[in-house]
Amino acid sequence: MEKKNIDWENIGFGYIPTDKRFVANYKDGAWDEGGLTEDPNIVMNECAGVLQYAQTVFEGMKAYTTEDGHIVTFRPDLNAKRMVDSAKRLEMPPFPEDKFVDAIVQTVKANEAYVPPYGTGATLYIRPYMFGINPVIGVKPATDYQFRVFATPVGPYFKGGVKPLTLCVSDFDRAAPHGTGHIKAGLNYAMSLHAIVTAHANGFDENMYLDSATRTKVEETGGANFLFVTKDNTVVTPHSTTILPSITRRSLMYVAEHYLGLKVEERDVYFDEVKDFAECGLCGTAAVISPVGKIVNHGEEICFPSGMEQMGPTIAKLRDTLTGIQMGRIEAPEGWLKYID
Ligand SMILES: *Cc1c(COP(=O)(O)O)cnc(C)c1O
């Protein structure tokens, strides 16, 4: 397979169109077979449900080239399942899980020339999504939907090494109790844009959101879950019904327990105890795990002992182990890697 002539080491995290994308349509109560197309554009009615009432959900995942030259995706069955949960919450017809995985395989195979080679730091980002496409003017779910998958090569999230991030405790809320914080819906991102633009304008990299009911517990950032490491090396992640269940976070917790032999806890994490942790990281598909060096709460600073120059030792080990699994350098747990070729 001849790879595209792309400067893999220097691409950023942006959209580069690839050759093929997958499209399936839901009409008259059923999904069609779907298939690949070359057309990256979508033509829809001006009154489409997604345009008027934001009826859309998505997923994010990656394909990797392993050390021995195979192409794999990481736990796509969990993305398939999460998208079913997201769709149900927005009254959309779930896209069948086996067909989801098949659509991912077809899309990656058709764009094999865009899967960055091993060792470049780049990966193929995969974006499955679905939306209401027929005209909807009274507030109700659409009757027709489209499911699509496109892929785009992306560079390493961290250019020139991993620098710890500075976060601020946001005055805005991300998710309401019994709301939509636990699903991957575009609407959660639309309303977070003002908060992130404000955080950036104030010199911060990301927001830390607290639970909106009591503002005492740590939830997550706009697009990544938290992991903390205690001074006696227990890995702690917030438990909450209003955070998005990150597949990276779930995988890192498994790696911590079963590969590194660490104690792990998923529990309420009060903001008051954050100052006592030794390390803090943000996890998600894009960055795997990014170290946090500092959190600022209305002028009051929490500085983690790991500092602003490098990751703490436990987060570094977690990152190396998980990326080792994804790149085929370390044996993966049963079913974690889906081989495309
Ligand atoms: C996608 C997402 C994450 C990360 O989930 P992964 O499955 O690890 O990529 C975390 N938080 C939010 C709000 C997200 O949308």
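User: How many aromatic pairs does a search of the whole structure find?

Analyst: The search finds 15 aromatic pairs. Rings of Phe, Tyr and Trp (its six-membered ring) pair if their centres lie within 6.5 Å; planes under 30 degrees apart are stacked, over 60 edge-to-face, and the rest tilted. One of the pairs is Phe74 with Trp336, which is edge-to-face at 5.5 Å centre to centre and 90° between the planes. The model is predicted: local features need pLDDT of at least 70, side-chain atom pairs count only at pLDDT 80 or more, and totals for chains, interfaces and linings use all residues. Residues are numbered from 1 along each chain as its sequence is written, and side-chain values use heavy atoms, with hydrogens and water left out.

User: Which parts of the chain does the pair of Phe74 and Trp336 link?

Analyst: Helices (H or I, at least four residues) and strands (E, at least two) are DSSP runs, numbered from the N terminus. Phe74 is in strand S6 (residues 71-74), and Trp336 is in the loop between helix H7 (313-326) and strand S17 (337-339), 262 residues apart.

User: Is Phe74 buried or exposed?

Analyst: Buried means under 20% relative accessible area, exposed over 50%, partly exposed in between (1.4 Å probe, protein chains only). Phe74 has a relative accessible area of 8% and is buried; Trp336, at 5%, also counts as buried.

User: How many residues of strand S14 are buried?

Analyst: In a regular strand, side chains alternate between the two faces of the sheet. In S14 (residues 279-284), six of six residues are buried. Glu279, Gly281 and Cys283 lie on one side, with Cys280, Leu282 and Gly284 on the other.

User: Which residues are the bridge partners of Gly281?

Analyst: Two strands pair if DSSP finds at least two bridges between them. Strand S11 (residues 225-229) runs antiparallel to S14 with five bridges, and its Leu227 partners Gly281. On strand S15 (residues 288-297), which is antiparallel to S14 over four bridges, the partner is Pro291.

User: Where does the largest cavity lie?

Analyst: Rolling a probe the size of a water molecule over the atoms shows where empty space is left. On a 1 Å grid over the protein atoms alone, a cavity is a set of points where a 1.4 Å probe fits but cannot get out; lining residues have an atom within 4 Å of a point. Domain 1 (8-154) and domain 2 (165-325), with bounds from an automatic or database domain assignment, both give residues to the lining, so the largest cavity lies between them. The lining includes Phe74 and Gly284.

Methods. 1 Å grid on protein atoms, 1.4 Å probe; cavity = no way out; pocket = protein on both sides within 12 Å on 5 of 7 lines; lining within 4 Å.
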